[in-house]
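Morning, everyone. Please have a look at the model on the screen, and then I'll walk you through a few spots.

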Amino acid sequence: MTAASDIPMPPGASEGRARRVSIQRWRRRSRLIRVYRLVLPLLIGAILLGLGASVAYNALTSQRIPPGNANDPIRLVKPHFVGRDARGRPFVLTSVTATRDPRDYQKVYLDRPTLTLDADGADPTHVTGGAGVFHEDTSKLELSKGVRLSSARGAFDTATSLYDLKSGDLGGSDAVQGMGSLGQIQAKSYSVYDKGARMVFTGEVHTRLQPK
């Protein structure tokens with residue numbers, strides 16, 4: 001008995017089989033190309049439609065947002081004002097927030113400001129307050145709502161204070177009390193000169209000297 005694999009194939013049979021395999025591959029590629037030609041335009045159309053819908057949605061929603069008022073105040077968080085007075089002495093002014101007056105751009109409202117005089121020196125003076133107003137046109141700083149002046153020479157408390165950047169002088173017309181290098185002192189008003197080296201108290205001055 002002769003096996004089926006041993007039966008010789010007629011001439012041209014292998015070439016016919018190869019031709020049929022090639023024709024089948026060509027048909028599969030043709031079907032795949034037809035599918036791509038149908039699917040790709042649909043995908044492109046869907047993408048374009050999605051982009052158009054997104055643009056239209058953004059345009060509609062942006063119109064619903066009311067435009068900002070040009071007169072709204074400008075608010076800064078943790079601002080730093082750095083400069084020098086007329087005598088070249090450095091100062092640093094910081095606060096929790098700063099808001100410009102919409103009616104007066106040169107006026108800045110400060111929340112819990114801190115003024116540091118002679119910031120680069122060995123004994124800087126710190127002035128803090130609950131609120132403040134900085135006038136950029138006149139270079140004057142108004143501090144209020146409890147003002148505290150502190151340095152290595154002592155600490156003093158008062159209601160309000162005014163710092164003039166042009167002269168570098170600090171003063172106040174409200175009652176002041178505190179502890180200095182010589183003892184306790186109370187007065188109706190005060191002035192600070194020469195970076196805190198000289199303080200002048202006026203009006204019902206009461207002191208308790210405690211010299212070292």
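Strands here are DSSP runs of E with at least two residues, numbered from the N terminus. This is a predicted model: local features need pLDDT of at least 70, side-chain atom pairs count only at pLDDT 80 or more, and totals for chains, interfaces and linings use all residues. Residues are numbered from 1 along each chain as its sequence is written, and side-chain values use heavy atoms, leaving out hydrogens and water.

Backbone to begin. Most residues other than glycine have a negative phi. K145 is not a glycine, yet its phi is positive, about 60 degrees. K145 sits in the loop between β9 and β10 (147–151). S139 also has a positive phi, near 60 degrees. Find S139 in the loop between β8 (131–135) and β9 (140–144).

Buried or exposed? Buried means under 20% relative accessible area, exposed over 50%, partly exposed in between, with a 1.4 Å probe and protein chains only. S139 is buried, at 18%. K145 is exposed, at 67%.

Now the rings. Rings of Phe, Tyr and Trp (its six-membered ring) pair if their centres lie within 6.5 Å; planes under 30 degrees apart are stacked, over 60 edge-to-face, the rest tilted. How many aromatic pairs does that give? Two. F81 and F134 are edge-to-face, with centres 5.5 Å apart and planes at 65 degrees. F81 lies in β2 (residues 80–84) and F134 in β8, so this pair ties together parts 53 residues apart in sequence. Both F81 and F134 are buried. F91 and Y163 have centres 6.4 Å apart and planes at 70 degrees, so they are edge-to-face too.

Methods: Helix = DSSP H or I, 4+ residues; strand = E, 2+ residues; numbered from the N terminus.
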